[in-house]
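Have the viewer ready as you read.

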Amino acid sequence: MARVVVGPALWGSSPRSMSLLLLLLVHLIPVTIIKGDGVTGKNRKRIMPDPLTEPPVVDPLYEAYMYCNTPIGAEHSMEGRVPHNLKLLSVHVLIRHGDRYPLYAIPKTKRPDIDCLLDPHRKPSHPHLEAFISHMAKGSEGQMDGTLSSLPRYPSHPLCEMGELTQTGVVQHLQNGQLLRENYLKKHKLLPNNWTSKHLYMESTGKSRTLQSGLALLYSLLPNFDWKKVNIRQQWSTIFCAGNCDCPMRNQYLEEEQRRQYTFRVKSSQLEKAYVEMAKVVGVPTRQLRASNPIDSLLCHFCHNASFPCTTNGCISMEQFKVIKSFQLEDEKESHEKQLYYKYALMATHPLLNQTVMRMQRIAQGRKDEVLVLYSGHDVTLSPVLSALGVTEARFPRFAARLVFELWRNKDKKVEHFVRILYNGEDITFQTSFCRREGRQPGQLLCPLQTFAQFVKRDMFTFLNSTNYYDACHRRVF
């Protein structure tokens, strides 16, 4: 990984959409979509570039391609690869949903023509896709709380609805599940042959795309997928803070970061020029176009190799797309330098990381339940976790991104337990701030569990001049 990303970039917003993004980050409040009658485009050229090796300098089109995460074959992965004297005890997986239809519509343009009916004979596909569809049709047997039970188990619309998971998104997580099964179940026997629901713990936010992504991953991961063994809990917050969401300072740090993003955006004359040109193409005021967050829809066109929207005034161009994408990358760098988002991330992710540490400690003491944990969320779920861990070289979470926490025990010294952290299959354990400080000893591949626990329970508050989560949330030290 060679990109500095610490938080979600503001993808071209007015103050109004900035406030909406704040709500989306914390509670995922639905947003009203501006719709318009589109004019069929004239330029139908394919736009997806051929995948290349990583360029020597940051390239916005290459970064966009990496974000799409288009399924193209077997993926290199380091999950489960450790010395033979270590035994795998548990795995915690945090995922972003797979490829989705846009959440926003560009005014007065034709929506992307994407089919969300699953078809095993249409590319991209997966050997498990047909059986997955059949099993999901029996989803009434599953145990789901909250509103999850009322959501569809798989995409099923001829024309995708706003925010709906696409077939590409399903395939991405079928591949994730298959990869994790090879590395954790077949190689390390994480689950016993007679595994039950007590061995598995899963949470999903209340969106169909996160539920369906989690189900796709589980279907490929679990041996003999059985609805009666799957109990899915709904998480009402996109940051998975559960019963510890009351944190005024977290929200204040995020508001400060939003103001930084806005100030940085209005300084960019090149970005403003691109918005003015695009607004002329679609025939709306620049402010209205900016509020529609056009990059969200344009990325869908880009990822699905479809031409950008056209009207009688012309077409949105690749150069305009590159300007917006380049601005995102510049914004990410400045965000890292200012560290406002980092403060937010520390507050936002403590409940989830603390829950992870406590579960690991119980398992290290001999508990055998909840050895496989899956949290299915969003980019705004993974991004603050990466930032809080101090992983400054990680790309912004792509579609179907996965962050994995492994717990290992030394077979020879059973009191020694270690954690290993991987992002999209790459070992980032010693890119984290707490393990990096410890220093890697010769031949050391993992970080002591105690080091991770100390970071979560104490050290992550040092940057905030506090000693615990409650104090950091409810007071500010100047």
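## Cysteines and a helix

Cys68 has a relative accessible area of 1%, so it is buried. Keep in mind that this is a predicted model. The partner of Cys68 is Cys303, and the two form a disulfide with sulfur atoms 2.0 Å apart. The link of Cys68 and Cys303 is left-handed, with -80° about the S-S bond. It ties together distant parts of the chain: Cys68 lies in helix H2 and Cys303 in helix H9, 235 residues apart. Cys303 also counts as buried, because its relative accessibility is 11%, under the 20% cut-off.

How many disulfides are there by the distance rule? The count comes to six. Counting bonded cysteines along the chain, their pattern is 1-7, 2-3, 4-5, 6-12, 8-9, 10-11. Cys300, by contrast, is in no disulfide, and the nearest cysteine sulfur, that of Cys303, is 7.3 Å away. Cys300 is buried, with a relative accessible area of 5%.

| Disulfide | S to S distance | Torsion about the S-S bond |
|---|---|---|
| Cys68 and Cys303 | 2.0 Å | -80° |
| Cys116 and Cys160 | 1.9 Å | about 95° |
| Cys310 and Cys315 | 1.9 Å | about 105° |

The link of Cys116 and Cys160 is right-handed. Cys116 sits in strand E2, while Cys160 is in the loop between strand E4 and helix H4, 44 residues apart. Both Cys116 and Cys160 are buried. The disulfide of Cys310 and Cys315 is right-handed too. Here Cys310 is buried, at 2% relative accessible area, whereas Cys315 is partly exposed, at 28%.

How does H2 pack against helix H10? Their axes are 9 Å apart and meet at an angle of about 80°, which makes H2 roughly perpendicular to H10. On the H2 side, the contact uses Pro60, Leu61, Glu63 and Ala64; on the H10 side, Met318, Phe321, Lys322, Lys325, Ser326 and Leu329. These contact residues divide into six nonpolar, one polar and three charged.

After H10 comes Gln339, with a positive phi near 65°.

Definitions and conventions. Residues numbered from 1 in each chain as written. Predicted model: local features only at pLDDT ≥ 70, side-chain atom pairs only at ≥ 80, totals over all residues. Heavy atoms only, no water. Axes fitted to C-alpha atoms, helices over the stretch in contact; angles between N-to-C directions. Helix = DSSP H or I, 4+ residues; strand = E, 2+ residues; numbered from the N terminus. Parallel < 35°, antiparallel > 145°, perpendicular 65-115°, else oblique. Contact = heavy atoms within 4.5 Å. Nonpolar A, V, L, I, M, F, W, Y, C, P; charged D, E, K, R; others polar. Disulfide = S-S within 2.5 Å. Buried < 20%, exposed > 50% of the residue type's maximum accessible area, 1.4 Å probe, protein only.
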